[in-house]
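Thanks, everyone. I will go through one model today, starting with the whole chain and ending with what sits inside.

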Amino acid sequence: MVVKDEESRKSLDLFLKIGLDERTAQNTLANAKVTASLNAVIGEAAVANGCNKAVGNLLYTVATKFPANALIHRPTLLEYIVSSKIKNAMQLDAAFAFFTSVGPENFHLNEFEKACGVGVDVSLEDIERAVAEVFEENKDAIMEQRYGINAGNLYKQIRERQPWADMKSVKEVVTRKLHELLGERTAADDQKPVKKKEKPVKVEVNAVDAPSVPPSEEELNPFSIFPQPEENIKVHTEIFFSNGTIWRPYNTKEKLERHLNATGAKVYTRFPPEPNGYLHIGHAKAMFIDFGLAKERGGCCYLRFDDTNPEAEKKEYIDHIQEIVQWMGWEPFKVTYTSDYFQDLYDLSVELIRRGHAYVDHQLPEEIKEYREKKLNSPWRDRPIEESLKLFDDMRRGMIEEGKATLRMKQDMQSDNFNMYDLIAYRIKYTPHPHAGDKWCIYPSYDYSHCIVDSLENITHSLCTLEFETRRASYYWLLEALDLYKPYVWEYSRLNVTNTVMSKRKLNRLVTEKWVDGWDDPRLMTLAGLRRRGVTSTAINTFIRGIGITRSDNSLIRLDRLEYHIREEMNRTAPRTMVVLHPLKVVITNLEVGSVMHLDAKKWPDAHADDASAFYKVPFTNVVYIECSDFRTKDSKDYYGLAPGKSVLLRYAFPIKCTEVVYGDDKETVVEIRAEYDPSKKTKPKGVLHWVAQPSPAVEPLKVEVRLFDKLFLSENPAELDDWLADLNPHSKEVIPEAYAAPTLANAVMGDKFQFERLGYFSIDPDSSAEKLVFNRTVTLRDSYSKGGNK
């Protein structure tokens, strides 16, 4: 123990020497893996005697984020950091991306330095020019929003132009330019607009905008906040009754020992969806927490169907949920159903009546609502126990009409917590159950069954979203009333994403009223829709991990934050190809008709010439097609497309110069371009265009259908609108039935993903057939707050 304390003290001194603040250093010591990694990095960097804080923070980031598949290159990166050739977080992120792509293979230092901006000197004039360009593009928004403009978006656009610019200098120039354009800040500029009758919504910034700081222990391991199973002996909550009584439910030592013996002291969690619809991205967060905690602790996670409402549940939903859980990468310990415990739940409800904690009530739903609003006891609340037992047995045997009786828990109708207003435990429903069949005509409520099944399954951590926090009292009241083992309950914030709805009721309406094309419509945030769009489960889980397991409620996560993770993954995994969405014919007059050149095009931007698998062949003939939007009849200084008398480079091919424009019968519509190509490639135009050629004379290129998707709703938070359907984006889906594609795409199959150069990342849709392939745009090349540009 003394040795361990001495080692910890030495590590702490070392971490403070490199400039870490004390809190970060202490948090690092709490994680043995990070401690060992940081010690190793400090040794490799030869800075055991200390360094400045800026270098130290970069070393900490290397210790926590360096790609594990390229550790052989870590000493090289550390040399660049210590010598200040790499001196900021942007360069470091670029280095990580570079090493991730090369893995343990050898690489060329000049390529590494270029990728990381080593030696790039961005002058103040360069910064001024980039800021001026961004301000010109965003001038209308700046004038309208004034000092309320999203500065993070402006900085991001500037970084795209000058990624290695000093951000302090950029900020100074932006501040000065805003002042020149808008004048002094006024009192109105400092007022925060708050919508009436609604809680202000906090929108989280994009992950890529956040400053790089050493991550906390919770960021390194989001599950570190949860206690161990053997710690579940504390008071879970205090339940205050209107008569002054206070219950303090907790597990006795004997009860906890029985629980630990049953579980082997392992973590037991459960993912408990109701099978009344398709799962959405909010469920992905629940899965990450429930399955992730069990996996991290070497425990078990049930997939439990909370199937207590037979009218809304279908086998279709049960099958979908099981499939999507597996697709998300999770393996349940067991698949169970609340209906598996119907007999246990019934027996315990009889015991609850016997103990004087439940009664049969005959109030109608509207009467129950009225009495709750007035905090009044039901007229049947104090009926004799034997009478309730007999009536409850009559309910079970189908002797009472539906709606004429319920079993209610005798809690506290005068409580300050409305979730203690004698909640319903059982109701009569003469509806067959999709799993249990027609054995039962009474069904337990969620409020009654959920906590009991948690206890019966020996759940150690019952994890749910924050709206269930007010139900803690009811949860523990019932377990205390029945003297059952009590799991540890913890609530986290719901995942809400901008420009969509997550409510199952709203999603069901979108589907049933055919506002969308089914539960797997790629515009929905259902997991089936995201999968069909081409999003992978790994990108979703990376996104979920990035936002963390927080309790901060009422926050919206920007859609572009999810798109960032999708884009990052597809940039590494999707080979490049060329597709023209809206073809404009270009006839190359100085290339012989029938002549075909088979050119090499890169699948990957960093492909080496000697790696044949990194290239694909594209035919080049005297007829090629470019995008209609890449031609103008009038040229301008800031335009890089084709125009009369102007040259552009056809990617992977040759420069061409427009020599003639052919118009249609209306004398305005351009139907064809005539051009000459430069076989010597001596012409060096600035513009680079993607293209597709006729494979042979009079034969059209491969035709594919392309579907472009945009945000489903125009507003960031449509759920808050009264007429939320009126906010649907009329341009959320565009179908291009006959785009032209490179010939190699004909061999694409389900599951294949591509980057269509300059257009975005695309995946094959299940509607594809042997006759025609259909591609969905998974994500654009840049986020929705950026504009244009090649990639």
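**Overall build and cores**

Among contacts between residues at least 6 apart in sequence, 70% join residues at least 24 apart. Keep in mind that this is a predicted model.

The C-alpha atoms fill a box of roughly 100 × 75 × 60 Å along the principal axes. The chain has 791 residues, and 50% of them are buried. In secondary structure, you are looking at 24 helices and 29 strands.

Next, the surface. The accessible area is about 38000 Å², and carbon and sulfur atoms account for 50% of that. On charge, there are 107 positive and 119 negative side chains. The centres of those two sets lie 2 Å apart.

Now the inside. Which residues have the most contacts inside the largest nonpolar core? They are Ile-281, Met-287, Leu-527 and Ile-540, in a core of 49 residues. Several elements give two or more residues to this core, among them helix H15 (315-327), helix H22 (527-533), helix H23 (537-547) and helix H24 (559-573). Strands E5 (300-305) and E12 (488-492) are also on that list. The most comes from H14, which gives nine residues.

Take Leu-527 as one case. Leaving out residues up to four places away in sequence, Leu-527 touches Leu-279, His-280, Ile-281, Ala-284 and Met-287, and also Ile-324, Trp-327, Met-328 and Ile-540.

There is also a second, separate core, with 44 residues. Its members include Ala-358, Val-360, Leu-391 and Tyr-475.

Terms used. Residues are numbered from 1 along each chain as its sequence is written. This is a predicted model: local features need pLDDT of at least 70, side-chain atom pairs count only at pLDDT 80 or more; totals for chains, interfaces and linings use all residues. Side-chain values use heavy atoms; hydrogens and water are left out. Helices (H or I, at least four residues) and strands (E, at least two) are DSSP runs, numbered from the N terminus. Buried means under 20% relative accessible area, exposed over 50%, partly exposed in between (1.4 Å probe, protein chains only). Contact means heavy atoms within 4.5 Å. Accessible areas come from the Shrake-Rupley method with a 1.4 Å probe; for residues, only the protein chains shown count as cover. Lys and Arg count as positive and Asp and Glu as negative; His and the chain ends are not counted. The place of a charge is taken as NZ of Lys, CZ of Arg, CG of Asp or CD of Glu. A nonpolar core is a set of buried Ala, Val, Leu, Ile, Met, Phe, Trp, Tyr and Cys residues joined through side-chain atoms within 4.5 Å.
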